[in-house]
Amino acid sequence: MKQKNTFIQKLMSLFFIVCMLSIAAINRDNKLFGYDLGEADKQSTAVASNNDTLSVQPDGSFIVNTKLLAKDVQGYGGPVPLRIHVSKDGVVAAIEAEPNAETPDFFNQAKSLLTRWQGKTIDKAIAETDNVDAVSGATFSSKAIIANVQRGLAYANRHAAQSKVAADESVANAEGSVSSSASAWTIGGIASIIVVLLGAIVPLFYKSRRWHTVQLVLNVVVLGLWTGTFVSFTLFMRLFLGGISLVTLATLAAPLLMVVVALFYPLAGKPGHYCAHICPFGSAQELAGKLTRRKLRVPVQLNKALNLFRTLLWAVLMILLVTGTWAAWIDYELFTAFLYSSASVWVIVLAVLFLVLSVWVPRPYCRYVCPTGTLLRGFKR
């Protein structure tokens, strides 16, 4: 009976997490799992307006807006629509980003890609798409930009400036065109999947301190420094806002495996498995702790105060997220320090300070701060 009650409690915790993140996604962008909840009110207007996808200018040039063409393509924070300006001679004059919910620090890095197609004919620009690589540290945003450009160019290639009448029909055709470069399996992506699977499966059957240390190193090097793959509130919001599409499945394979371990392993009696065996920042702290056996003893009262601080901090952050008062905090969890080429300086500084502290205090960020960890601790009852 006790086991049954414990399982029900864990199931209710999972249900609470889903409800809370769903409310936050709806309040933030009025979207849930890729569905625009305000779409019904806008549908008639969208169908009637030619400017939603194709806008022809008086000089014969035209602008393709990828908002509808690539509405299933998600960056890290949601869709990344673009406006592609094409001259009357069929040359890409400019590509500019529409408003989006990407983290500004990361998206500004990815925006450097927008000039790659400028000055090329549509045919050459389409060919160039296969040669464009994602910007390190802004992979999600980069791949979303590449996919949007590919969709927009495919649309432009099928429609001359006078083809406004057939625009609605071609949108459906263009949506079926998926960028091979945006959805391709990369070496880093495959490596991250392997490392996550090792962390998820091996500890269940094989207990070894030496192997655990190897796993920690793999987590830091492959999941952290190489691919920047980790479970965070930003990832949860990205999934709850945009859902999963075929375009982003390859990019999200490793993060999805992480989410499965983090949320569903506790239901099978393995709470904290993700934090202990996969999380790259937790792994970095544990490795730092191996540098010396001399540890600082945290007084009982201070330990209680720090745990209370973690709980209160989490409650405040949840209120800010769910109400939409300041949801941007999710982009500055210390995990983002692994995206060092575009991470905030103060995030990197704080991450380094916690790593130094973890030499003498076991996993201090995990124990006393981590909002994502606190969310997952709801299972530990």
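Predicted model: local features only at pLDDT ≥ 70, side-chain atom pairs only at ≥ 80, totals over all residues.
The expected span of a helix is 1.5 Å times one less than its number of residues.

Helix H9 covers residues 209–226, a run of 18 residues. At 1.5 Å a residue, the helix should span 26 Å, and the C-alpha atoms at its ends lie 24 Å apart, so the two values agree. At the start of H9, a side-chain oxygen of Ser208 comes to within 3.4 Å of the backbone nitrogen of Arg210. Within the helix, the buried residues are His212, Gln215, Leu216, Asn219, Val220, Val222, Leu223 and Gly224. Just after H9, Gly228 adopts a positive phi of about 60°.

The loop between H9 and helix H10 (233–242) contains Ser232. Ser232 counts as buried because its relative accessibility is 3%, and the cut-off for buried is under 20%. When neighbours within four places in sequence are left aside, Ser232 is in contact with Tyr76, Glu333, Phe335 and Thr372.

The table below turns to the protein chain as a whole.

| Property of the protein chain | Value |
|---|---|
| Residues counted as buried, of 381 residues | 49% |
| Contacts joining residues at least 24 apart, among contacts between residues at least 6 apart in sequence | 71% |

In secondary structure, the protein chain has 17 helices and six strands.

Definitions and conventions. Residues numbered from 1 in each chain as written. Heavy atoms only, no water. Helix = DSSP H or I, 4+ residues; strand = E, 2+ residues; numbered from the N terminus. Buried < 20%, exposed > 50% of the residue type's maximum accessible area, 1.4 Å probe, protein only. Polar contact = N/O pair within 3.5 Å; in protein donor to acceptor, adjacent residues only side chain to side chain. Contact = heavy atoms within 4.5 Å.
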